[in-house]
Amino acid sequence: MKKTKTHLIKNFLLAFTIVLVGVNSEDVLASGNVTYVNELSEGLQEPIDTAIGLNDNVYVLDKRLAQVFVYSPQGLLEYAFGGQGDLSDQLNQPKAISINQEGSIIIADTGNNRVQLFSATGSFIRSIDCYGKKSRPFKEPDSLAVDQAGNIYIGDSKSKVISKFSPEG
């Protein structure tokens, strides 16, 4: 597998996020020193992406297990949700995770060609499985972003498109 610049940056950010769990960012920036604090590994097999929730919980997306692991700011495993499959509360080869302003969890469920939205506690809310005026199905949604207004941006590498959705999807 060829390592792209984006792939390398995501891996760096994943490692950087995990190392900084429990660190007050003001202290790190003020001192100029980054010190190893903790690592998250309980239950993980192939962590691919991370996001920080409104309460500073760390949400880790595991591609192999098709699950989201939720850790407290202190690094303790709080709960996990998801699992391999194609039902509404399951994932298949997920690749990206993001948290919106309401605390909802947004996941690029790449293997199922959709994006799933879950509550902060992991309850299924809805799916987005098509884009554009002609409602074309996603082919490989594999990147996500949420802007300050709550709009969801979904990158689909096979369709070669970035789609913007309202906060309601």
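## Salt bridges in this model

A salt bridge is a side-chain nitrogen of Lys or Arg within 4 Å of a carboxyl oxygen of Asp or Glu. A search of the whole structure turns up four of them. Side chains of opposite charge can pair when their charged atoms come close.

This is a predicted model, where local features need pLDDT of at least 70, side-chain atom pairs count only at pLDDT 80 or more, and totals for chains, interfaces and linings use all residues. Residues are numbered from 1 along each chain as its sequence is written, and side-chain values use heavy atoms, with hydrogens and water left out.

## E46 and R64

E46 and R64 form a salt bridge, 3.6 Å from N to O. The two residues are 18 apart and link distant parts of the chain. E46 lies in the loop between α2 (25-31) and β1 (47-52), and R64 in the loop between β2 (58-62) and β3 (67-71). Helices (H or I, at least four residues) and strands (E, at least two) are DSSP runs, numbered from the N terminus.

E46 is partly exposed, at 29% relative accessibility. Buried means under 20% relative accessible area, exposed over 50%, and partly exposed in between (1.4 Å probe, protein chains only).

## R114 and D109

Another salt bridge joins R114 to D109, 2.6 Å from N to O. R114 is buried at 10% relative accessibility. D109 is buried too, at 0%.

E140 pairs with K158, their closest N and O atoms 4.0 Å apart. E140 sits in the loop between β10 (136-137) and β11 (141-146). K158 sits in the loop between β12 (152-156) and β13 (161-165). E140 is buried at 18% relative accessibility, whereas K158 is exposed at 54%. Salt bridges link K95, E140 and K158 in a network.
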